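Open the model in a viewer with residue selection and distance tools to hand. The stops below are meant to be taken in order.

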Amino acid sequence: MKAVASLSAFVGKTFAIWVILFAVLGFVFPDTFKQIAPYIVTLLAIIMFGMGLTISVGDFREVARRPFDVAIGVFSQFIIMPLIAVILTKIIPMAPEVAAGVILVGCCPGGTSSNVMTYLSKGDVALSVACTSVTTLAAPLVTPFLVWMFASQYLPVDGWARFLSIVKVVLVPLALGFALQKILPGLVKAAVPALPLVSVVGIVLIVSAVVGASKPAIATSGLMIFAVVVLHNGLGYLLGYFAARASGLSLAKRKAIAIEVGMQNSGLGAALANAYFSPVAAVPSAIFSVWHNISGALLANYFSRRVEDEPQATKPAFVK
């Protein structure tokens with residue numbers, strides 16, 4: 001088990017490298033990796049089940065203890081990223097499927113990688129975890145509504161079907177993982193060190209499947225989509241930071257909210273786009289998954305050097 005835990009820790013620390021590698025493999029060997037596409041939803045459910053194994057009651061106590069801080073993070077997440085996506089689709093010419101995919105990833109909840117990046121940036125980890133948990137639980141209602149409101153101009157949107165899908169691939173696995181914590185705490189405690197490995201494997205397979213299934217679209221529009229993703233992600237960090245600053249939050253909290261807003265649950269975006277739009281619509285989410293882990297690490301490195309007479313963030317349980 002120690003060997004598995006060590007491998008898991010190594011893979012977790014080198015996550016961005018593996019995502020890039022498998023994105024390239026998916027592009028070079030599309031026929032091999034596009035066969036994974038029918039299992040994207042299952043892979044995401046497994047990832048969310050693993051997240052459920054790590055969620056604690058303490059994460060939600062943080063919401064009750066600091067409702068204002070969490071509210072700033074949650075509202076910034078669900079206002080800033082969708083609006084940036086809509087503006088980008090208006091000013092940059094792109095196919096309707098790509099536009100719908102950009103909006104979809106913008107309407108997703110925060111990604112769990114943001115918690116690790118916040119720790120590395122010496123930000124407020126507890127706030128980051130609380131925001132991720134709340135946006136994830138709110139996603140079944142908020143994400144379909146936002147996608148219907150903003151993306152239906154590009155492609156038909158069945159909000160009810162998306163609601164049911166997110167319930168099945170997000171809420172149900174989360175609930176099962178959380179329940180298993182209570183039923184078999186010893187087993188879960190022993191399995192937790194291996195969870196980063198499971199998450200990384202799941203994400204890289206999703207990315208490689210989307211890239212493989214969408215090679216022609218990436219070959220013709222990949223640079224444009226990459227530019228849109230970089231802008232979307234970077235503006236999310238910037239506006240998230242200034243939203244927190246305008247709300248009078250400390251530097252540690254501004255770091256957490258900036259990273260939380262800019263980093264999306266792109267695995268969910270890819271799964272929903274592939275299931276309800278097309279593989280092409282999933283490309284922005286796949287590229288986002290690659291890029292935000294690179295940009296997040298760079299931003300965390302920059303933020304870590306900025307300290308404003310604040311206590312260093314408490315080391316979270318998932319960081320070894």
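**Before selecting anything.** This is a predicted model, in which local features need pLDDT of at least 70, side-chain atom pairs count only at pLDDT 80 or more, and totals for chains, interfaces and linings use all residues. Residues are numbered from 1 along each chain as its sequence is written, and side-chain values use heavy atoms, with hydrogens and water left out.

**Stop 1: colour by pLDDT.** pLDDT is the predictor's confidence in each residue, from 0 to 100. The protein chain averages 85, and 95% of the residues score at least 70. Now select residues 310-320, where pLDDT stays under 50. For this stretch the model has 17 contacts beyond four places in sequence, a contact being heavy atoms within 4.5 Å. Where pLDDT is low, the predicted coordinates should not be read in detail.

**Stop 2: helix H7.** Select residues 96-106, which form H7. Helices here are DSSP runs (H or I, at least four residues), numbered from the N terminus. Nine of the eleven residues of H7 are buried, so the helix is largely enclosed by the rest of the structure. Buried means under 20% relative accessible area, exposed over 50%, and partly exposed in between, with a 1.4 Å probe and protein chains only. The buried residues run through Val98, Ala99, Ala100, Gly101, Val102, Ile103, Leu104, Val105 and Gly106. Show their partners next: they pack against H6 (67-91), H9, H13 (215-246), H15 (266-276) and H16 (279-304).

**Stop 3: Gln264.** Which backbone oxygen does the side chain of Gln264 reach? It is that of Val105, at 2.8 Å; a polar contact is a pair of N or O atoms within 3.5 Å, where within protein one must be able to donate a hydrogen and the other to accept it, and residues adjacent in sequence count only if both atoms are side-chain atoms. Gln264 sits in the loop between H14 and H15 and is buried, with a relative accessible area of 1%. Beyond four places in sequence, its contacts include Gln77, Met81, Gly106, Cys107, Phe288 and His292.

**Stop 4: Ser266.** Move on to Ser266, in H15, which is buried at 4% relative accessibility. Not counting residues up to four places away in sequence, Ser266 touches Val105, Ser285, Phe288, Ser289 and His292.

**Stop 5: H9 against H14.** Select residues 125-151 (H9) and 251-262 (H14), whose axes come within 9 Å and cross at roughly 35°. The axes are lines fitted to C-alpha atoms, for helices over the stretch in contact, and angles run from 0 to 180 degrees between N-to-C directions. The crossing is right-handed, meaning that the near helix is turned clockwise from the far one by less than a right angle. From H9 the contact takes Leu127, Ser128, Cys131, Thr132 and Thr135, and from H14 Lys253, Ala256, Ile257 and Glu260. These divide into four nonpolar, three polar and two charged residues. Ala, Val, Leu, Ile, Met, Phe, Trp, Tyr, Cys and Pro count as nonpolar, Asp, Glu, Lys and Arg as charged, and the others, Gly among them, as polar.

**Stop 6: Lys122 and Leu120.** Lys122 is in the loop between H8 (113-120) and H9. Check its backbone: phi is positive, about 65°, although Lys122 is not a glycine. Lys122 is partly exposed at 32% relative accessibility. Leu120 lies in H8 and is partly exposed at 45%. Leaving aside neighbours within four places in sequence, Leu120 is in contact with Ala300 and Ser304.

Conventions
Helices (H or I, at least four residues) and strands (E, at least two) are DSSP runs, numbered from the N terminus.
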